[in-house]
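Subject: Structure handover

Hello,

Here is the structure for you to look through. My notes come after it.

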Amino acid sequence: MIWIILAIITLVFGLVVFRGAPYVPSHKKSIHQAFTDLYPLSADDYLVDIGSGDGVVLRMASKFGAQTVGYEINPILVLISRFLSRKDSHVSVRLADFWLTNLPDKTTVVYVFSVTRDMGKIARRLQSQADKLGRTISLIVYGSKITGIKSVKSVGAYNLYEFHSLQPGKPQV
Ligand SMILES: C[S@@+](CC[C@H](N)C(=O)[O-])C[C@H]1O[C@@H](n2cnc3c(N)ncnc32)[C@H](O)[C@@H]1O
């Protein structure tokens with residue numbers, strides 16, 4: 001029985017690589033540095049973590065007063081992150097594939113710790129979201145760069161990108 005459970009868990013964690021990065025959590029110290037030195041996060045922010053793992057980024061963002069949502073494809077990690085964040089009203093976690101999910105309209109900043117392979121596609125998603133909303137969206141990238149796009153700031157392993165609307169102030173309906 002234990003072998004079957006272990007096999008299912010391995011399968012759930014392993015299959016994720018077909019849709020994005022496998023689970024590796026960001027370091028708490030680094031996240032704190034990102035929210036102070038790279039992108040000073042505040043209570044005015046709505047942060048989305050695409051591939052939220054155990055929710056460590058969301059809980060740290062909540063300490064800065066931000067509202068947060070995480071999209072996570074692995075149901076085991078969704079349960080773990082919901083349990084770890086159960087007392088935090090600023091944190092919510094959805095079981096979802098972020099490729100198939102629209103970002104909330106109130107999103108101000110997106111955090112991603114993903115594989116280089118996916119970064120171009122993520123950048124295109126954020127540009128179309130910025131165009132749709134008619135305003136700028138910031139993207140915090142941990143551990144990789146987006147080819148062909150210049151970061152506005154770098155701190156440690158982080159790069160910050162900004163996606164500006166092609167028609168500022170004019171949300172597309
Ligand atoms: C490198 S981990 C980062 C976890 C967390 N963001 C952090 O920094 O601690 C990537 C996470 O993305 C999740 N993931 C991968 N592809 C995904 C997809 N298409 N939709 C939602 N989550 C995905 C994985 O299950 C994993 O938990």
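This is a predicted model: local features need pLDDT of at least 70, side-chain atom pairs count only at pLDDT 80 or more; totals for chains, interfaces and linings use all residues.

Residues are numbered from 1 along each chain as its sequence is written.

The sheet: seven strands form an open, mixed sheet, in the order E3-E2-E1-E4-E5-E7-E6. Strands (E, at least two residues) and helices (H or I, at least four) are DSSP runs, numbered from the N terminus. Two strands pair if DSSP finds at least two bridges between them. Strand E3 (91-95) and E6 are the edges, each pairing on one side only. Strand E4 (residues 109-112) pairs with E5 in the parallel sense, over four bridges. There, Val109 stands opposite Ser138 in E5.

The core: the largest nonpolar core has 40 residues. Such a core is a set of buried Ala, Val, Leu, Ile, Met, Phe, Trp, Tyr and Cys residues joined through C-beta atoms within 7 Å. Buried means 20 or more other C-beta atoms within 10 Å of the residue's own, with C-beta atoms placed from the backbone. Among the members that touch the most others are Ala61, Leu139 and Ile140.

The ligand: 23 residues surround it, the closest being Gly20, Ser26, Gly51, Gly53 and Ile73. A residue counts as near if its C-beta atom, placed from the backbone, lies within 6 Å. Helix H3 (56-63) and strand E2 (67-72) each give two or more residues to this shell.

Best wishes

Key. A residue is buried if 20 or more other C-beta atoms lie within 10 Å of its own, exposed if 12 or fewer, and partly exposed in between; C-beta atoms are placed from the backbone.
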